[in-house]
Amino acid sequence: MINRLEKIVKETGSKQAPEEFYIKVSAQGPYLVYGNPPIVQETFVPNKEGLPWEYCQGLKFDYTTKVAALCRCGASKKHPFCDGSHKEADWNPEETSDKRPILEDSKEYKGPNLVLSDNRKFCALARFCDSHGTAWKLAKKAQTEEEKELARHSAGYCPAGRLLLYDREKQEVYEPEFKPSIGVLEDPTLKVSGPLWVKGGIRIESADGESYEIRNRVTLCRCGKSRNKPFCDGAHVDKSRFALPQ
Ligand code: FES
């Protein structure tokens with residue numbers, strides 16, 4: 001019998017969390033979270049440009065059950081937990097994301113020192129990439145340590161991991177260190193609740209039993225509207241309200 005766990009792919013620069021941590025996408029209902037990772041509200045904090053640049057941790061969502069069921073349909077009245085409302089809600093639970101490694105479909109933006117890889121399919125519209133002239137421009141021009149640090153911040157704070165930054169000379173991927181944990185994102189500037197921010201290489205298993213690529217940072221849809229389920233594609237945001245990033 002093929003052991004499906006042996007086939008798991010890890011993104012460059014990502015490590016898998018200990019095996020007890022994983023999330024199972026149930027076919028018709030919630031995300032089932034194993035391993036008891038902390039689940040904490042994280043709110044975007046804007047900078048002087050009015051764009052998200054930091055996170056502020058808030059409420060910790062305690063749960064005493066062995067498995068936490070987190071809503072993915074958007075209809076629960078006990079967010080972030082599932083309260084069974086998915087059974088009556090008008091939503092499509094189908095997982096529409098393929099399981100290809102994110103870098104296979106990424107575009108690269110090269111500068112003298114840095115390379116930014118970008119896969120727009122995974123954009124959660126968190127907009128950390130829009131400050132300081134945008135992450136793409138920062139990566140293309142960064143030469144001084146200060147410029148490189150801005151590029152690292154801009155790409156590395158992207159909760160969805162759409163953006164990945166490499167140092168060309170050192171052949172090194174810049175990835176923030178995370179413990180296995182889940183952030184429940186809130187975006188007060190746009191007055192919307194964002195996706196679930198899954199950090200630290202927690203394995204995500206599809207309802208069909210196969211795992212998605214292990215990544216250090218991913219965002220899972222929790223409004224039920226994404227066209228790239230289980231991942232967030234920014235569908236929780238009214239896109240007509242602002243100019244989209246490139
Ligand atoms: S998935 Fe159960 S209430 Fe949303």
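This is a short tour of the model, stop by stop.

The model is predicted, so local features are described only at pLDDT of at least 70 and side-chain atom pairs only at pLDDT 80 or more, while totals for chains, interfaces and linings use all residues. Residues are numbered from 1 along each chain as its sequence is written, and side-chain values use heavy atoms, with hydrogens and water left out.

**The two domains**

Colour residues 8-99 + 180-237 as domain 1 and 103-174 as domain 2; these bounds come from an automatic or database domain assignment. Taken over C-alpha atoms, their centres are 23 Å apart. Across the boundary, 30 residues of domain 1 are in contact with 26 residues of domain 2, contact meaning heavy atoms within 4.5 Å. About 2,300 Å² is buried between the domains, and carbon and sulfur atoms give 53% of that area. Buried area here is the accessible area (1.4 Å probe) that two parts lose on being put together, summed over both.

**Leucine 150**

Next, select leucine 150 in helix α2, residues 145-156. Helices (H or I, at least four residues) and strands (E, at least two) are DSSP runs, numbered from the N terminus. Leucine 150 counts as partly exposed because its relative accessibility is 24%; buried means under 20% relative accessible area, exposed over 50%, and partly exposed in between (1.4 Å probe, protein chains only). Apart from neighbours within four places in sequence, leucine 150 touches Trp53, His132 and Leu138 in contacts. The C-alpha atom of leucine 138, twelve residues away along the chain, is separated from that of leucine 150 by 7.2 Å.

From leucine 150, move to its contact His132, in the loop between β7 and α1. Histidine 132 has a positive phi, near 50 degrees, and is partly exposed at 36% relative accessibility. Leucine 125 lies in the loop between β7 (114-118) and α1 (135-141). Its phi is near 55 degrees, also positive in a residue other than glycine, but leucine 125 is buried, with a relative accessible area of 3%.

**Two cis peptide bonds**

Most residues other than glycine have a negative phi, and most peptide bonds are trans. Select histidine 79 and proline 80: the bond between them is cis, with omega near 5 degrees. Proline 80 sits in the loop between β5 (68-70) and β6 (107-110). Finish at lysine 229 and proline 230, joined by a cis peptide bond with omega about 10 degrees. Proline 230 is in the segment after β13 (217-220).
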